Amino acid sequence: MSSFAFSFTPAPSSSSSSTYSPFSSSKTNPPFFASFSSSSSSFSLRLASPPSFSSFSFGINRRTDPAFVLHSTVEVAGGGGDHGSIGGGHGGGGHGGDDDGNAGEHGRKKEAMMVLAEAGRSLESVPSDLAAAIKDGKIPASVVSRFLELEKNPFFRWLLQFGGFKERLLADDLFLAKVGMECGVGIFTKTAAEYDRRREKFFDELEIVFADVVMAILADFMLVYLPAPTVSLRPPLAINAGPIAKFFHNCPDNAFQVALSGTSYSLLQRFGAIARNGAKLFAVGSASSLVGTAVTNALINAKKAVDKSSSGEIENVPILSTSAAYGVYMGVSSNLRYQVLAGIIEQRILEPLLHQHKLMLSALCFAVRTGNTYLGSLLWVDYARFIGVQ
């Protein structure tokens, strides 16, 4: 026989209690039973249900404080007493993992909604992609708090309108400072590296030096932007998307970035991040080199027109070979160096150690990025000479 039971029980009382049973039945399968305790306010009800039903019990425990605890258990007739509970903590039959994941998503959603409520904001007042991520329980409350803080600044509020900047600023509030560092020191470090490699030929090869610096400045922004860790707010792909598109869509933006709570990346997906960013940086490097070498050749031709004696000494820079070489350099050397810099050195080492000391963290990031930029300039000159484009 299966049954349904409901109980309402307060905290135990020290006073005596009496029991009233208005209905009685035989000892075998009573159709209805109820009991009431006047001192403890305890009421229980038992009803017989058709045999085809599963056994279900439902309870509300009321304590002396106003908090209520709701719990339920489900028992399948003839199922050997396997129980499952709300929240998935005790799920049986192989469903515990799914229940744990659902409970985690529900917890993150609840915490994020509490942060919005404390700020006097509703889900409709935040961007749609962020609202969808909150609704699905994909982002923790800390990300929502960071968004609300960034929104207080008019400039950041404007940048948050762009999806790429929003994903990066939510993952790293120093992202824009790092862009400024990279581009700011780029001119000086790259010029110094060019001088260190060329020495007495520096001024004779000034046009080539200028081309290298122009290429570097155009590429510096993308070198910070593409490998930067992100909080993924991208919408799901279309159902008819191919397997390659689906694979790269699920890859992180940085191969070494820390995954948010509730998400994880496989080793293959992290390698996919390196390959995807390498392809993008190859395109960026080739395009910036085309601009840089075109400007260089224009300056060389102008110099030849003014100084006829130098027409035989200065040669134009080969555009296609230089552009392809710089694209390969960006896709391999720069890609790996900046992935390691952003994902390991900054996010996994410096930020956990100095997250309470933003000034010191910024100073160390500045120093590390300056050294990395200088190293990159040296590597490019050596690589370009090795393959014969300079």
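The structure is a predicted model, in which local features need pLDDT of at least 70 and side-chain atom pairs count only at pLDDT 80 or more, whereas totals for chains, interfaces and linings use all residues. Residues are numbered from 1 along each chain as its sequence is written, and side-chain values use heavy atoms, with hydrogens and water left out.

Rolling a probe the size of a water molecule over the atoms shows where empty space is left. A cavity is a set of points, on a 1 Å grid over the protein atoms alone, where a 1.4 Å probe fits but cannot get out, and its lining residues have an atom within 4 Å of a point. Grid points are joined across faces, edges and corners, and a volume is the space filled by probe spheres set on the points. The structure contains 2 cavities of 30 Å³ or more. The largest cavity has a volume of about 150 Å³. Its lining comprises 18 residues, of which Lys 190, Ala 216, Tyr 326, Gly 376 and Ser 377 lie nearest the centre. Two or more lining residues each come from helix 6 (175–198), helix 7 (206–225), helix 10 and helix 11 (358–387); helices are DSSP runs of H or I with at least four residues, numbered from the N terminus. Helix 11 gives the largest share of this lining, 6 residues. By residue type, the lining of the largest cavity divides into 8 nonpolar, 5 polar and 5 charged residues. Here Ala, Val, Leu, Ile, Met, Phe, Trp, Tyr, Cys and Pro count as nonpolar, Asp, Glu, Lys and Arg as charged, and the others, Gly among them, as polar.

The second largest cavity holds about 60 Å³ of space. Among the residues that line this cavity are Arg 168, Asp 172, Phe 175, Glu 346 and Arg 369. Helix 6 and helix 10 are the elements that give two or more residues to its lining. The lining of the second largest cavity has 5 nonpolar, no polar and 5 charged residues. The charged end of Arg 168 also sits over the ring of Tyr 225, 3.9 Å from its centre (CZ of Arg or NZ of Lys within 6 Å of the ring centre and within 35 degrees of the ring normal).

Aromatic rings were considered next. The whole structure has 16 aromatic pairs. Rings of Phe, Tyr and Trp (its six-membered ring) pair if their centres lie within 6.5 Å, and planes under 30 degrees apart count as stacked, over 60 as edge-to-face and the rest as tilted. Trp 158 and Phe 162 form an edge-to-face pair, 5.2 Å centre to centre with 80 degrees between the planes. Trp 158 is partly exposed because its relative accessible area is 44%, where buried means under 20%, exposed over 50% and partly exposed in between (1.4 Å probe, protein chains only).

Two further residues complete the description. Glu 151 lies in helix 3 (residues 141–151) and is buried because its relative accessible area is 18%. Ile 345 belongs to helix 10 (residues 319–354) and is partly exposed, with a relative accessible area of 29%. The C-alpha atoms of Ile 345 and Val 368 are 8.7 Å apart.

Notes
On a 1 Å grid over the protein atoms alone, a cavity is a set of points where a 1.4 Å probe fits but cannot get out, and a pocket is an open set with protein on both sides within 12 Å along at least five of seven lines; lining residues have an atom within 4 Å of a point.
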